[in-house]
Amino acid sequence: MDKLTLRERATCLFEGKHVEMDNHLIEFEKYLEAYCVELKVNEWDILRNDEVYDQVFNIFSSISSKKNEEIFI
């Protein structure tokens, strides 16, 4: 089986399927939930909409990169 993308793993997680949890998925899940609360949408509104998902993922990726940079400073 091919390695699943973060989006595919998050989708499986919210479908209630077993997904191997790693730090990246855990952080993305937290970020996604916070984003949903802020915008009053649900996870499916983000995961099923390419444009919205790309925006959310880009922000998450940027934040994750910044956090990792701070760890090494």
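Two residues are in contact, or touch, when they have heavy atoms within 4.5 Å of each other. By that rule Phe 57 touches Leu 6 and Phe 28, leaving aside residues up to four places away in sequence. Keep in mind that this is a predicted model, where local features need pLDDT of at least 70, side-chain atom pairs count only at pLDDT 80 or more, and totals for chains, interfaces and linings use all residues. Residues are numbered from 1 along each chain as its sequence is written, and side-chain values use heavy atoms, with hydrogens and water left out.

**The overall picture**
- The protein has 4 helices and 0 strands (DSSP runs numbered from the N terminus: H or I with at least four residues for helices, E with at least two for strands).
- Of its 73 residues, 27% count as buried (buried is under 20% relative accessible area, exposed is over 50%, and partly exposed is in between, using a 1.4 Å probe and protein chains only).
- Take the contacts with a separation of 6 or more: 45% of them come from residues 24 or more positions apart.

**Helix α1 and what follows**
- Helix α1 covers residues 6-14, and its buried residues are Leu 6, Arg 7, Arg 9, Ala 10, Thr 11 and Cys 12.
- Just after α1 comes Gly 16, with a positive phi of about 85 degrees.

- Phe 57 sits in helix α4, which spans residues 50-72.
- Phe 57 counts as partly exposed because its relative accessible area is 28%.
- Tyr 53 is buried, as its relative accessible area is 7%.
- Arg 7 lies over the face of Tyr 53, 4.4 Å from the ring centre (for a charge over a ring, NZ of Lys or CZ of Arg must be within 6 Å of the ring centre and within 35 degrees of the ring normal).

**Aromatic rings**
- There are 6 aromatic pairs in the structure (rings of Phe, Tyr and Trp, using the six-membered ring of Trp, with centres within 6.5 Å; planes under 30 degrees apart are stacked, over 60 edge-to-face, and the rest tilted).
- One of them is the tilted pair Tyr 31 and Tyr 35, at 6.0 Å centre to centre with 40 degrees between the planes.
- Both of these tyrosines, Tyr 31 and Tyr 35, belong to helix α2 (residues 23-39).
- Tyr 53 and Phe 57 make a stacked pair, at 5.9 Å centre to centre and 20 degrees between the planes.
- Ring pairs join Phe 28, Tyr 31, Tyr 35, Tyr 53, Phe 57 and Phe 60 into a cluster.
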